[in-house]
Number of protein chains: 6
Amino acid sequence: MFTHTKKLQHPAKPDRPDPLFAKKMQEILGGQYGEISVAMQYLFQGWNTRGNEKYKDLLMDTATEEIGHVEMIATMIARLLEDAPLAEQEKAADDPVIGSILGGMNPHHAIVSGLGAMPESSTGVPWSAGYIVASGNLLADFRANLNAESQGRLQVARLYEMTDDKGVKDMLSFLLARDTMHQNQWLAAIKELEEQEGPIVPSTFPKALEKQSFSHKLIHFSDGGESAEQNWLKETAPDGEPFEYEKEPKAHGEIAKLDPVPPYVHNTLPGRE
Amino acid sequence: MFTHTKKLQHPAKPDRPDPLFAKKMQEILGGQYGEISVAMQYLFQGWNTRGNEKYKDLLMDTATEEIGHVEMIATMIARLLEDAPLAEQEKAADDPVIGSILGGMNPHHAIVSGLGAMPESSTGVPWSAGYIVASGNLLADFRANLNAESQGRLQVARLYEMTDDKGVKDMLSFLLARDTMHQNQWLAAIKELEEQEGPIVPSTFPKALEKQSFSHKLIHFSDGGESAEQNWLKETAPDGEPFEYEKEPKAHGEIAKLDPVPPYVHNTLPGRE
Amino acid sequence: MFTHTKKLQHPAKPDRPDPLFAKKMQEILGGQYGEISVAMQYLFQGWNTRGNEKYKDLLMDTATEEIGHVEMIATMIARLLEDAPLAEQEKAADDPVIGSILGGMNPHHAIVSGLGAMPESSTGVPWSAGYIVASGNLLADFRANLNAESQGRLQVARLYEMTDDKGVKDMLSFLLARDTMHQNQWLAAIKELEEQEGPIVPSTFPKALEKQSFSHKLIHFSDGGESAEQNWLKETAPDGEPFEYEKEPKAHGEIAKLDPVPPYVHNTLPGRE
Amino acid sequence: MFTHTKKLQHPAKPDRPDPLFAKKMQEILGGQYGEISVAMQYLFQGWNTRGNEKYKDLLMDTATEEIGHVEMIATMIARLLEDAPLAEQEKAADDPVIGSILGGMNPHHAIVSGLGAMPESSTGVPWSAGYIVASGNLLADFRANLNAESQGRLQVARLYEMTDDKGVKDMLSFLLARDTMHQNQWLAAIKELEEQEGPIVPSTFPKALEKQSFSHKLIHFSDGGESAEQNWLKETAPDGEPFEYEKEPKAHGEIAKLDPVPPYVHNTLPGRE
Amino acid sequence: MFTHTKKLQHPAKPDRPDPLFAKKMQEILGGQYGEISVAMQYLFQGWNTRGNEKYKDLLMDTATEEIGHVEMIATMIARLLEDAPLAEQEKAADDPVIGSILGGMNPHHAIVSGLGAMPESSTGVPWSAGYIVASGNLLADFRANLNAESQGRLQVARLYEMTDDKGVKDMLSFLLARDTMHQNQWLAAIKELEEQEGPIVPSTFPKALEKQSFSHKLIHFSDGGESAEQNWLKETAPDGEPFEYEKEPKAHGEIAKLDPVPPYVHNTLPGRE
Amino acid sequence: MFTHTKKLQHPAKPDRPDPLFAKKMQEILGGQYGEISVAMQYLFQGWNTRGNEKYKDLLMDTATEEIGHVEMIATMIARLLEDAPLAEQEKAADDPVIGSILGGMNPHHAIVSGLGAMPESSTGVPWSAGYIVASGNLLADFRANLNAESQGRLQVARLYEMTDDKGVKDMLSFLLARDTMHQNQWLAAIKELEEQEGPIVPSTFPKALEKQSFSHKLIHFSDGGESAEQNWLKETAPDGEPFEYEKEPKAHGEIAKLDPVPPYVHNTLPGRE
C-alpha cells in the first residue's frame, strides 16, 4: 500500500516557460526509458519476487521513489508550458520565434492536456508496458535495470546540454545523481548475485543440456578481420572457459524445405512457378 | 550488404507437429526478447556506431547471425504447425485432446499465415521496434544487449522444460549455447569499456554537475528495515565512493502548485470546488 | 446497412491552406477522442445492444452521423494541405515562415498521403480501437459517451481559439453545436437509466456481496487535510448512504510474501541476497 | 513524493491456484479499464490540476490508493499461477483438464514472467497510456473517471461470477466496494461542478459562437421511427433548452470535390478514368 | 453524409452458439485484413481523391458497403457468443468440452463486451489504423485494395473450412462472393489505369532520374541457382525493357564509416576498444 | 543463414547534414512501407513457402537485398544528423533557421539515438510487424508485395522532390530503380500465377460454394450516377463473367435484433428505456 505527501522530492521549477523543451522532456517521462518505465518495471519486479525479501524491499523502495520522479517531471513540464502562444491573437505569423514554437510544440500539450504533461514520449507516442520486464529471475532483471538506468541517465545528460534554464538544469542534476546511485546499486546487487550463481542467466539450467561447443565461439559473419582483434578474445570468458574464434561461419543445418499442407488451407499448391 | 545461404545454421526439425507449442515458441521469435529483437537491436547499434570499428564489427557479426536464428525458429514453427486439426471434418468435438488444441492454438496460424510463422509474440501481439535500443553509447547498449541475452536465454530454458520433443530440444540447446556465448561476449566487452570509462553511463558527463550528495544514497521509501541489510551497503560503491543509507525519505521540494493558464485554454477555472 | 450521399452534412472549406493547422486538426479526426473514436464506439455499442431497441436506434443514428463528421474533417484537412511548400524549389531556406511550416508539418501529409488526411492523431500516431468501449451495459457506455463528447468538444473549442480562418471556424462551430447536442442527449439518457437502476454500475450486482463498509469511505492517502473539506462529504452519497471519511489509511492485508515455484521455472532460487 | 508499506490494503490470497483465472484477471490489472489505467489517469489529472487544490488532493488520494490496488491484483495473480502444470513430465496429454489449462493459459505467465503478473490485458496486449486522459478540465475528466469506475466495476462483477474461489471472491468484493465509493465520489464532484458551470463541457466557450440551431436537435439517420420515441425528447434538455427532432437528415454542405495538387506530389493526375 | 437502414445486407444468423468460433471470426472483423480495414481504407482513399470523380464514387460505394459488412460480422459474433458457459455454476471442471471452451474463448468477450463483438483481431489485439493506406495515387492504392481483398477472401475461405454451422457458412459464402467482385473490380480498374499510365508507380516520375541500369536486374543474393530459372526472366519486363540477371551481388558503395559527433552528445568516444 | 559485407550496396553520402530531412527520411526506413517492412515481409513469406522453391528463392534474394537497403538508409540518416545544433551554446534563439531546425527535428535523434537512425517512421512511431503479411498463398502475397513496392517508390519519389542535396538524390535514384525492378518482378510473377490459377484468390476455393449472384455486381451505395459510368463495367470481368450493375442496394437480411443474455453478465436488462 502506498501513501503520498504533497511536497516534491526535489524542486521542479523552470526559470521561464519553454514549450519546445517541454516536448523534449516528455522523453524522460513517458519514453522507452522514461521514469514511468523504471517505476513500473521495479514495481512489477518487486511484486513478482518470490522468497528473496531483501531484494524485494530494494525493488519496492526504488520503485516508490521513481513514482515521485514521474511527479517531478510532470510538474516541470506543466510549468514549461505556461505562456505558450496558443491563441490566434498571439500568433504573429511574421515573428519567426513564435512561428517555430507553434510549429515545434507537441500539439497534444495545446489540444489534449490543456498545457499539462502527457503520458507519452517526445514524439507523442503513448507509453507502452511493452517497454518493461519482470521475469522472476533477479539477475536477469537487475541487468534490465542497470540498462534502464544507463539509457535513462544518458538521456537526462543530453537534455541537460540542450538548455540553459537554471531551474531545469537543477532538477536534471538531481535526476543525474539518482541515476548514478541506481547504477551503483544494481551493479552492486548484480555482483552479489553473480558471485553466488555465476554470470550466465539462468544459472540453474544444466550446462550439459546445451550444445557446449557453441558456448564460447565468436563466429565471424562478415568480411575483413577486425572482429578477431577483440582483446578479450585472448582472455578466459566470464564463465571460466576459453573463448574461440571461427573465421568462416558454417551452416550445420539442411536446406529448409517445408512440406505442403492440406488443400483446405488454401495455400499456393506445390509445383507452381 | 548481406547475402544468404539456403542452409540453416542448425537443424530445425521437430519429431512431430505440435500446434500448441508453435504458439508458445512465437515468444522467442517475435516477443519482447525474441530473435527479431536482438537482430534488429544489434543491426541498429552497428549502423549507428561512430569511430569504433572493432565494436561495430562485433555488432554486425552478431546481428547477422541472429537473422539466421529468426530463420531457424520460423522454420521450426512452420513444421510444428503441420497436421493441425483445422478442417471441420477433423474436429471431433468429443475428442478432448483435439478440443484443447483447437481452443489453444494461435488463430493467426490457422487463418492468417496458412500454418506458417508470424512476426508476433506468444500472445499474438505484433513485434514492435519499441522493444529495442541503439543509443550511440556502447556501454549503455552493451548492457541492453546483456539484458536481452539474459532474458532471451531464460525464455529458451523455460521452453526447453515444457516439451519432450527431441528435435525441438536439439534446436533449443543450440540457441541456449549461443545465448551463453553472447552473454559471455557482452560481459567481456562491458568489462573492457568499464575499465576505460568507469562504471557510470555516460562517463563523459562531468561529475561536478550532478548533485553528488544524492549519488550514493539508498533511500528507504518503505516500512520495516530489511533494505538496510543489503550486504553491499557496507562496501564501496562501484564508482569508488562509499554508499550511504537514508532511513526516512525527505521531500526537498515544495508543494507542487501550478499557476492558472489563460481562459482560452478552457481548463477548469481556478477557484472551483 | 448504410448508404452515402455525396454532399457533406456541413461545408468544410477553409479560407486558405494552412498545413500546420492541418496537422493539429488531425487530433479531432484520429486522436483518442476524435470523430473516428465516437463513430466506432457508437457503432459497436449499437451492434452489441440486446433487447433495448430505442437505445439501439439512438446509438445507430448518432454513429451514422459521426461517420459523416469524419468525412467533413477529412475534407477540411485535405484542403488545408493544398499549396504546402513541398518541392525543393519552393524552399527558400532563408524564409522563416516557410521554414517553420517545413519543420512543423506532419511529414505523413507530404510523404504518405499526398496532401490528404491520415487516420491518425496530431502527433502522427495511428488510430487504435483500444480507445473505445462497448460493454453491453448501457449506463456504463452512455457515461463513456458523455465523456467522449466532453473531451471532444473541449478539443474542438481549443482548436477554434487557435485559428482565425473563418471557414475553419464555421465548421468547428457546427461541430461544437453537435457536441453540445450529444452531451445533452447522453445526459438525458443517463438520467433516464439512473432513475430506473440507481447510479452505481452495474446495478444488478447484489449489494450484499460487496464489502459495504468500504462503499462510502473517502480514504485520505496524503498529508494535509484539504481532502476532508470536500463539500459533498457532508451530503448523502448519490446511492443514498452517508459518506464517511478516514483520515489515516489502514492496511488490512498481510505483508505480501509469495511462495517459491519449482526450479524448472528458472526463477531466482529463494535465499539469495 | 510517495512512500510504501509492505502490507496490502486488503488480503489477496486465493484458496487454490487457477492459471486460467489468472489470465482472465489480467484484464482488471492491465486492460483498458484495469487498475493501472485508473491509477495513471488520476495521477496525471492530479499533477496537471491548476489552482483547485481540493480537487487535486482528491485526485492524488484516489490515485495513491489505486497503485495499492494494482499491487493487490498483481499479488493475487502471482498466487493463482502457483502449481501451473508447466514442465513436460507433468503434461499427461490424455488428461483433458491439464490439457485445457495448457491450451488456455497466458503463455507469458509461463515463459516471460516466471509465474508472476504481467502489465497487460487478458488477451496479452501490453498496457498503453493511450487508454487514459488528463485534459486540464475537471468536469470532463471527472466524467472520464466515472466512466472508468463504471466499466471497471462491471468487469470486476463479471469476474466475480466466473469463480467459486472464496479468497478471490473476497478480494473482488473489496474492489467492488471501492468502485462503488469511487462512482459515488465522482458523481458527487460532478454534481458540484455542474451546479457551478452548467452541464456542457467546456462551459467557458461562448454559446454565441456555436451554431445553436444544431445544439438540441436529434437527427434521425436511420429508417423506422423508434428514435423519435425517446421519452426525454419531450423534456427540456439538460442545458435548459427544448430538444428538437429532425426526421430526415439534411446535407447542408456541397459535394466535396478537392482541387488537384502540383504534379511533383505524384498523385494520380486529374482526368484519369 | 451517411444514412442507415436497420436491415442487414445479408442474414447473419448461426445455427447455434460457438464461442470458440466467435473468437476466430474476430479476425475478419478487426484483424489486419478484416472488414474495418477495408471500410476505413476505402473511405480515406475516397475522401482524399482529387479530381477523378468516377473513381471517388467507386471508392465511396465500396466503402459504404463494407461498413455494412462490419455490421453483419459484429451481429454474427454477438450471436455466436450466446450461451457461453461463463458463470461458475455452469463450469463442470470435469467436462472437457466446457473446459476447452473456457480455456479457448477470448476473455474480452466475457469480461469486456458482455458477449458482444470487439473491434479487435482473433488474438485480441485492437484494430490499428496503421494497417491501412490512402496515398493519393490511385494505381498504388488500387493495388493495396486488390491485396486487401485477396488476403481477406483467403481468410474467409479458411474460416469457411473450419465450421459446419450452416448459418455461418451462408454468411461467409456471401462475403466470399463480394470479395470476388471486389477483386474483379480492382483488377479491372487497375488495368484501366495501367493502360493510361504504364505499370510502374508513380508513372509521373521521370525515368531519366532513376539509375536505370538497376531497373530490370534480378540480383542473386543467395547460393544455388534456382532464382535464375524464373520463366519470366526470359521475357520482356512489364514496363517494356528486357530483364537482366546478376549472379553475384556487387557492393557499389564504400565501407560505411561514420564521423564522430561532438562530446556533448555523450556517445562513446572514438578510439574505445 | 546470412553473411555480411562491410561495403554498402550503393553509396549513402549526403553533401551536407540536414536534420529535418533526416526526420522525413525515417519514413522509408521504419514507416508502414519503409525498407524494414519489405525486408521482413519477404523474409517471412520466404520462410513460410511450402514446396515452390523457385518462388522461395526469389523471395529470399529480394529480402536479403532489402536488409542492405535498410543499412544504406540508416547510414544516410546518421550522416544527415551530423552537425545538428543541439547544445545550448549553439542555440541562437534569434536565428530563425536554427529555430526551425530545433523545432522540427525528431527529438529521438537528439535524445535517444545520439544522432543515429531510429527504427521508426517520420512521425516517430516505432515500426510494427502489424504492417506486414505472409499468408502462405503466393498470389495474395505477391499482390501485397506489388502494393508495398508501389507505395514505397511513391514515397521515395516524393522525398526526391523535397531536397536538392545531390548525395541524397543519388541514393534515392538507386532506390527508385530497385523499386522499379521489384514492381516489374512481382508483376511478372503475378502474371505467371494468374495464368495458372486465374485471378481470384484463393483459386482453390470451389466457386459453387460462394453466392455467385453477388460475385460480379457493382452495387451503388451512393446518390448520383457516376459509378455506373465505369468503362470496365461494359467489359467481361477478369474472371470471365460479365459485370452487373445494381443501382439501388438491397438489404437481404432482417433487422438485427439480438437475444438477451443471462443476468450474471450484468448487461443492461432488456426493457429499459
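**Arrangement of chains and local features in the predicted model**

In chain A, the C-alpha centres of domain 1 and domain 2 lie 37 Å apart, where domain 1 covers 19–197 and domain 2 covers 207–246, the bounds coming from an automatic or database domain assignment. The model is a predicted one, in which local features need pLDDT of at least 70 and side-chain atom pairs count only at pLDDT 80 or more, whereas totals for chains, interfaces and linings use all residues. Residues are numbered from 1 along each chain as its sequence is written, while chains are lettered from A and ligands numbered from 1 in the order in which they are written. The mean pLDDT (the predictor's confidence in each residue, from 0 to 100) of chain A is 94, with 97% of its residues at 70 or more, and the model as a whole scores ipTM 0.96 and pTM 0.97.

Chain B is superposed on chain A by a rotation of 180° with 0.0 Å of shift along the axis, at an RMSD of 0.0 Å, when the copies are fitted by least squares on the C-alpha atoms of residues with pLDDT of at least 70 in both. The two copies are thus related as by a two-fold rotation axis. Within chain B, the residue that comes closest to this axis is Tyr131(B), whose C-alpha lies at 2.9 Å.

Between these chains, 98 residues of chain B are in contact with 98 residues of chain A, contact meaning that the C-beta atoms of two residues, placed from the backbone, lie within 7 Å. The largest share of the side of chain B that touches chain A, 14 residues, is supplied by helix 7 of chain B, helices being DSSP runs of H or I with at least four residues, and strands runs of E with at least two, numbered from the N terminus. Because 100% of the interface residues of chain B are also interface residues in chain A, the copies meet through the same surface.

Two local features concern the backbone. In chain D, the peptide bond from Val201(D) to Pro202(D) is cis, with omega near -10°, and Pro202(D) lies in the loop between helix 7 (166–197) and strand 2 (217–219). Leu115(D), although not a glycine, has a positive phi of about 70°; this residue is found in the loop between helix 5 (107–111) and helix 6 (138–161) of chain D. Leu115(D) is also buried, with 27 other C-beta atoms within 10 Å, where 20 or more count as buried, 12 or fewer as exposed, and values in between as partly exposed.
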